[in-house]
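Hi everyone, thanks for coming. I've got a structure to walk you through today, so let me put it up on the screen.

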Amino acid sequence: MRFINWLFSFLELPIFTSKLPTQVIIDRGSTLSLCCKATGSPLPTIEWSRVQRFADVPLGFQQNGCIEVNTVRKNSDGDYICRARNSFGLAETVTAVFVDKKGCVF
């Protein structure tokens, strides 16, 4: 029993250390930056995905738990999903991005 307690004391599910907003409204033509940070043991990896309405829309540049979409367009809107995963589990959070239709036209 002591071994099991020792084992579980070193394994932790991923937990987000900073919360993303549930929604973001951004102007067309600007840059969208979203970042996720999580703890856990082992240290979780962060990956982003998106519920896409358009198959040809790239997700964006990902690095160090952040995603950046340069030159936001009207089809950049939708749900952006951040996943923190380690060998012990998975946590995810979603941010809904709405692109302001006013402003510059692409």
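I'll go through the sheets, then the disulfides, then a couple of single residues.

One thing to keep in mind from the start: this is a predicted model.

Okay, sheets. Let's take the four-stranded one to begin with. It's an open sheet, and if you read across it the order goes S2-S9-S8-S5, with mixed pairing. At the edges you'll find S2, which is residues 23–27, and S5, which is 45–51, and each of those pairs on one side only. Going from one strand to the next, the twist averages 30 degrees.

Let's zoom in on one pair in there. S5 runs antiparallel to S8, residues 78–86, and the two are joined over seven bridges. If you want a spot to look at, find Ser49, which stands opposite Ile81 in S8.

Now the other sheet I want to show you. This one is open too, with three strands in the order S3-S7-S6, and the pairing is antiparallel. S3, at 32–35, and S6, at 61–63, each have a single partner strand, so one side of each is left without a neighbour in the sheet. The twist here averages 15 degrees from one strand to the next.

So what holds S7 to its partners? On the S3 side, S3 and S7, residues 66–69, pair antiparallel over four bridges, and Leu34 has Ile67 in S7 as its bridge partner. On the S6 side, S6 and S7 are antiparallel over three bridges, with Phe61 partnered by Glu68 in S7. S6 and S7 also make a hairpin with two residues between them. Have a look at Asn64 in that turn: its phi is positive, about 50 degrees.

Let me stay on S3 for a moment. In a regular strand, the side chains alternate between the two faces of the sheet. With that in mind, which residues of S3 sit on its covered face, and which on its uncovered one? Leu32 and Leu34 make up the covered face, while Ser33 and Cys35 are on the uncovered one.

How many does the structure hold? Two.

The one with Cys35 joins it to Cys66, at an S to S distance of 2.0 Å. Cys35 lies in S3 and Cys66 in S7, so this pair ties together parts that are 31 residues apart in sequence. The torsion about the S-S bond is about 110 degrees, so we call this disulfide right-handed. As for Cys35 itself, its relative accessibility is 35%, so it counts as partly exposed.

The other disulfide is between Cys36 and Cys82, with the sulfur atoms 2.2 Å apart. Cys36 is in the loop between S3 and S4, the strand at 38–41, and Cys82 is in S8, so here the linked parts are 46 residues apart in sequence. Are these cysteines buried or exposed? Both Cys36 and Cys82 are buried. And if you number the bonded cysteines in sequence order, the pairing comes out as 1-3, 2-4.

Right, on to the single residues. Ala91 is found in S9, residues 89–100. Its relative accessible area is 15%, and buried means under 20%, so Ala91 is buried. What does Ala91 touch, leaving aside residues up to four places away in sequence? The list is Pro14, Phe16, Cys82, Arg83 and Ala84.

The last stop is Ser76, which sits in the loop between S7 and S8. This serine is buried as well, with a relative accessible area of 6%. Again not counting residues up to four places away in sequence, Ser76 touches Arg50, Val69, Val97 and Val99.

Thanks, and I'm happy to go back to any part of it.

Methods. Residues are numbered from 1 along each chain as its sequence is written. This is a predicted model: local features need pLDDT of at least 70, side-chain atom pairs count only at pLDDT 80 or more; totals for chains, interfaces and linings use all residues. Side-chain values use heavy atoms; hydrogens and water are left out. Two strands pair if DSSP finds at least two bridges between them. Axes are lines fitted to C-alpha atoms, for helices over the stretch in contact, and angles run from 0 to 180 degrees between N-to-C directions. A disulfide is a pair of cysteine sulfur atoms within 2.5 Å. Buried means under 20% relative accessible area, exposed over 50%, partly exposed in between (1.4 Å probe, protein chains only). Contact means heavy atoms within 4.5 Å.
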